[in-house]
Amino acid sequence: MLNPINYVHFYESLLERGGEKYVYGNREDSSTKFEINLSVDFYKQNKIGLKYPRNAKYIIVVTHDVDNIYPSLGLIKYYMKRNPFKAFRYLLGRIRGNKRIFLNLKDITERESIYGFHPTFFLLVSDEDVLPLYKNYYRDEAVREEIYLVSKYAELGLHTGYYSFNNLQRIIEEKKRIEELIRGKIYGVRNHYLNFIIPRTWNLLSKAGFIYDTTLGFTKGFGYRNNMCYPYIPFDYEQNKWINIFELPLTVMDRALIKANIDPDMFFDKVKKFIESEAMKYGCFITLLWHNDLLYDPRFKKYSELFWRIIEYAYRNEGVILNGLEAINTWTRNISR
Ligand SMILES: [Zn+2]
């Protein structure tokens, strides 16, 4: 059993540093550093000897948010000038929901299995979205088939809708949609656009039955919000109690790098340096979010290559690559020893 006492010092220092101030809508907040002071304190105070699968020294967690199966608005806009006919076909295909250019979950999973891991896909199954011409893919038979197939290998989780993250009934309904589709239970969640209200959202997600959330990261840049590189149990300072859920910190998101104009080559060197100097020493979790559409989007080739370079590096250099649920299980085993 997990002993929350281990987390007390950890969380107290988090509150002192104002870590609870994260609210949704705060999109100006950015970071361009891997800061992990809090987890280093935690590591030293608790003298934990971490044991990871394959005797790895650090963990890469691979997650994909599935926002788009049909052509994205960004891609349609991109082709408007270059190839108006294609742009038009894509637009029609999005409206009709029959041009599945990003139905690539199986492809992604197969390529990843070469490195011996199975990722987490967070599925957006909400009825409405903030973007116009939203087409819900979860009712599409071809998409359902592929999701069901992939669920035999990969972990499936919920990508809570833009307007659903603050509504318990909707969260429960969306969770049920995926569980019916894959004929099994799901355990992990990430909110679309990283929408979150601390501590309310944790309480809702916990009530809906999730074991872990992995929403808290930066929408611009990269790094560890709250300077923590391990999963942690959140504390509800309003009700003065621990919340029954794990937060797996989100470290690097593809679109947040693009938004901050971070060069992929430069970033790769940065990640490598961080792994060599700190992640290996303290057994850090590095959670990656690469969207399924971005991995196949001609506009962002260098950013999809960046993803595979990080994977390749970790695979060859004492890392282990896990999905969200495996990462949480690994952590739980470590702190309950
Ligand atoms: Zn999303």
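**View 1. The largest nonpolar core of the predicted model.** Here we look into a core of 88 residues, the largest nonpolar one. Ile59, Val61, Leu123, Phe285, Ile286 and Leu288 have the most contacts inside this core. Strand E2, spanning residues 58-66, supplies the largest share, with 6 residues. In soluble globular proteins, nonpolar side chains tend to be buried together. Pick out Ile286 and you can follow its surroundings: leaving aside residues up to four places away in sequence, isoleucine 286 touches Tyr58, Ile59, Ile60 and Val61, along with Thr251, Val252 and Ala279.

View 2. E12 runs parallel to E2, and 5 bridges join the two strands. Within this pairing, valine 62 sits opposite leucine 288 of E12. Strand E11 (residues 252-253) also runs parallel to E12, joined to that strand by 2 bridges. Look for methionine 253 here, which stands opposite leucine 289 in E12.

**View 3. Helices H10 and H11 packed together.** Two packed helices are described by the angle between their axes and the distance between the axes. For helix H10 (residues 264-282) and helix H11 (residues 301-316), the angle is about 20° and the axes are 10 Å apart. Angles under 35 degrees count as roughly parallel, so H10 is roughly parallel to H11. On the H10 side, Pro264, Phe267, Phe268, Val271 and Lys272 make the contact. H11 contributes Lys302, Tyr303, Glu305, Leu306, Arg309, Ile310 and Tyr313. The crossing of H10 past H11 is right-handed.

View 4. Is tyrosine 232 buried or exposed? Tyrosine 232 counts as buried because 23 other C-beta atoms lie within 10 Å, and the cut-off for a buried residue is 20 or more. For a sense of how the chain folds back on this view, find isoleucine 36 as well: isoleucine 36 and tyrosine 232 are 196 residues apart along the chain, and their C-alpha atoms are separated by 13 Å.

How values were computed: Residues are numbered from 1 along each chain as its sequence is written. This is a predicted model: local features need pLDDT of at least 70, side-chain atom pairs count only at pLDDT 80 or more; totals for chains, interfaces and linings use all residues. A nonpolar core is a set of buried Ala, Val, Leu, Ile, Met, Phe, Trp, Tyr and Cys residues joined through C-beta atoms within 7 Å. A residue is buried if 20 or more other C-beta atoms lie within 10 Å of its own, exposed if 12 or fewer, and partly exposed in between; C-beta atoms are placed from the backbone. Helices (H or I, at least four residues) and strands (E, at least two) are DSSP runs, numbered from the N terminus. Two residues are in contact if their C-beta atoms, placed from the backbone, lie within 7 Å. Two strands pair if DSSP finds at least two bridges between them. Axes are lines fitted to C-alpha atoms, for helices over the stretch in contact, and angles run from 0 to 180 degrees between N-to-C directions. Angles under 35 degrees count as roughly parallel, over 145 as roughly antiparallel, 65 to 115 as roughly perpendicular and the rest as oblique. A crossing is left-handed if the near helix is turned anticlockwise from the far one by less than a right angle, and right-handed if clockwise.
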